[in-house]
Amino acid sequence: MGPMKLIKKGHACVRIEHEGRTLVIDPGGFSEDDAAVGADAVLVTHEHPDHFEEGRLRAAMEANPAAHIWAPRSVSEQIATTFPGRVHHVGEGDAFDAAGFGIEVHGQLHAVIHPDIPRIANCGYVVDGSLFHPGDALTVPGRSVDTLLLPVHAPWSKVSEVIDYVREVAPRRAFDVHDGLLADRARPVYDRMIGDLGGVEHGRLAPGESVGVAR
C-alpha cells in the first residue's frame, strides 16, 4: 500500500487522498471555495468560521451525494437537518471509518484564547494511525504519529508553546497549518525557530502543494 497524498489548502484545511478516496479536514472560510469539493468524507475540528463554513460543506455534499461529515456536536447540530443522515457527532475516544480512512478522535477543548472567552469543543483527528490534525489545540494524542499538522500561528498561541508541542508529540516530521494570519515576511522566522528547536523535520506547504505521507 503506497503513501497517502497530503495536499495543503488555505489556512487550516488539508486534503488527504489515497487509492481514489479523498478526506478533507477543516474547509473553513480562509480556505478556497471548492476546498472540500470531491471529498468522500469531511472532518471538522470545531465551530470557528476559519475551520467550519457551511457553504464549503454544501458544495462538497452536493458534488458527492455519498459524502459524509464528522464533527463535534457544536458543529453537527448546526448542519444535521441540512444534510440529513450524512452528519455524525464525534468526541474524544471515538474511532470510526470515514471513506476507508481509519479515524481516531483526540482532545476535547479549544486552546485558551483569553480567560474571559469561554472555551468550546475541539476534536483532533488521527488519520490511519499516522497523521494528526489537532485543530485549534495543542493536544498530545497519546500515541506516536509520523506526521503532525502543526497549528503554527494563532491568537491563542506563542512560538515557544508551538516548539514545545512539537517536541512533546515528537513526530517524524511536522507541516504547518493554521497559518492564514501569518505575514509572509514572518514565515522564515517561524521556520527557522521551529526547525532549529523543534527537534523534528519541519516543513511548510504552499496552498495546492502536496507531499506523500506514510500510512
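Modeller: Let us begin with one residue. Leaving aside residues up to four places away in sequence, His-202 touches Leu-150, Ala-174, Asp-176, Asp-191, Ile-194 and Gly-195. The model is predicted, so local features need pLDDT of at least 70 and side-chain atom pairs count only at pLDDT 80 or more, while totals for chains, interfaces and linings use all residues. Residues are numbered from 1 along each chain as its sequence is written, and side-chain values use heavy atoms, with hydrogens and water left out.

Colleague: Why is His-202 called buried?

Modeller: Buried means under 20% relative accessible area, exposed means over 50%, and partly exposed lies in between (1.4 Å probe, protein chains only). His-202 has a relative accessible area of 18%, and is therefore buried. His-202 is found in strand 13; strands (E, at least two residues) and helices (H or I, at least four) are DSSP runs, numbered from the N terminus.

Colleague: Which residues of helix 4 are buried?

Modeller: In helix 4 (residues 187–197), they are Arg-187, Tyr-190 and Ile-194. Seen down the axis of helix 4, these buried residues fall within an arc of 65°, so they line one face of the helix. The arc is that of the directions from the helix axis to the C-beta atoms. The buried residues pack against strand 11 (147–151), helix 3 (159–169) and strand 13 (201–203).

Colleague: How is the packing of helix 3 and helix 4 described?

Modeller: Their axes come within 9 Å and cross at roughly 35°. Axes are lines fitted to C-alpha atoms, for helices over the stretch in contact, and angles run from 0 to 180 degrees between N-to-C directions.

Colleague: What makes strand 4 and strand 5 a pair?

Modeller: Two strands pair if DSSP finds at least two bridges between them. Strand 4 (residues 41–43) and strand 5 (residues 68–71) have 3 bridges, in the parallel sense, and are therefore paired. Leu-43 stands opposite Trp-70 in strand 5.

Colleague: Why is the unit of strand 4, helix 1 and strand 5 called right-handed?

Modeller: With the strands pointing away from the viewer, the path from the first strand over the helix to the second runs clockwise in a right-handed crossover. Strand 4, helix 1 (residues 54–63) and strand 5 make such a right-handed β-α-β unit.

Definitions and conventions
Contact = heavy atoms within 4.5 Å.
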